[in-house]
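Please open the structure in a viewer and keep the selection panel at hand.

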Amino acid sequence: IYTSGTAGAPKGVIVNHRTVVHNAWVAIDDLGLIQADRTALLLSPAHGLAASVLFHTLLSGGTLCPFDLRGQGLRALGVWLREERVSVVKATPSVARGLVGAMGPGDFLPHLRYLWISGEPVYRDDLAALWPFLGEECRIIVSLSATETKEICRLSIDRATVFETETVPVGRPVKGKRVRLLDDADREVEKGEIGELWVQSRFLADGYWRDPDLTRARFRPVPDAPNERMYNTGDLARVGGDGSVEVCGRRDLQVKIRGYRIQMEEVEAALRRVAGVKDAAVIKEAAGTDVRLVGLVVCDVKETEPGNIRASVGELVPDYMVPARLLVVDALPLGASGKIDRCALIALV
């Protein structure tokens, strides 16, 4: 299975059967997936997220309901979910936000048991926007996964769940996975400190197709556990007070501005907190010998003045985190995996 390539070149991942079956079994066992469930397949099975949906549905005896999201669009999705009585949806946060934006007052998804969100950061505002369209018994599942590892962590959320942080945690490791947070010297960080997230397990991919150097760089043996290996996700994370893993960003989305190290996802979160902003993405661009941030935002009102948004976000973050340039766009481009296509963002600026 090839990775999405949203932040670089796609990589071919050799996924073994053991890891696929374990991933399906854990989802079926933990969530109680049953034969009566009708699960939406919104992406091509060529993508890791969709492949997981395919196997945990068919191996639980459930019904797989394919929907051509790229062809039919988000506006048709809500109607289709109701007509097909879909009970399980697994999607990226970008698709979930688009679904909310496409649904009108009074629209409702009465048959949904689980709305499972993975692949990108999830924010408190995302949950607040989703709950009005979901039944009382529906739960939102937030998880962390990678094509190389399948599901790593999971958090089950109901309406009473309260979060202190703007970004929603991804929960605790699932069965058969151990999260290790390491510093640059490969030492375990203290609780509450940020480290690079490694996954230790016997349920990992075999490596990268015809790329032994990258395989050695990202996968590592575990001397005291010969049946297990470790994989470097590239995520930066910490463990919160309740034991949940909080992802703080990705190493490849860090940038240094005026001597300050900035996580672009933090700037995106701040932009989404501005009134009238429905979605946001941030990229970096060269400015002579320096680097500057460029923000792209989707707004309730298309004629929104970018200068007003910059002023508002300047009240939320230090001035070095305020994008030097801001563009209002109709929609953020999504890749075939349903995630924001960061390479396509460059073409918009």
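**A charged network and its helix**

Select D29, D30, E151, R154 and K175: these residues are linked in a network of salt bridges, a salt bridge being a side-chain nitrogen of Lys or Arg within 4 Å of a carboxyl oxygen of Asp or Glu. This is a predicted model, in which local features need pLDDT of at least 70 and side-chain atom pairs count only at pLDDT 80 or more, while totals for chains, interfaces and linings use all residues. Residues are numbered from 1 along each chain as its sequence is written, and side-chain values use heavy atoms, with hydrogens and water left out.

Next, display D29 with K175, whose salt bridge has an N to O distance of 3.5 Å. D29 lies in helix α1 and K175 in the loop between β8 and β9, so this pair ties together parts 146 residues apart in sequence. Helices (H or I, at least four residues) and strands (E, at least two) are DSSP runs, numbered from the N terminus.

Now select residues 17-31, helix α1. Its buried residues include V20, V26 and L31; buried means under 20% relative accessible area, exposed over 50%, and partly exposed in between (1.4 Å probe, protein chains only). D30, at 33%, is partly exposed. After the helix comes G32, with a positive phi near 70°.

Finally, move to D37 and R113, a salt bridge with its closest N and O atoms 2.7 Å apart. D37 is buried at 5% relative accessible area, whereas R113 is partly exposed at 29%.

Key: Expected span 1.5 Å × (residues − 1).
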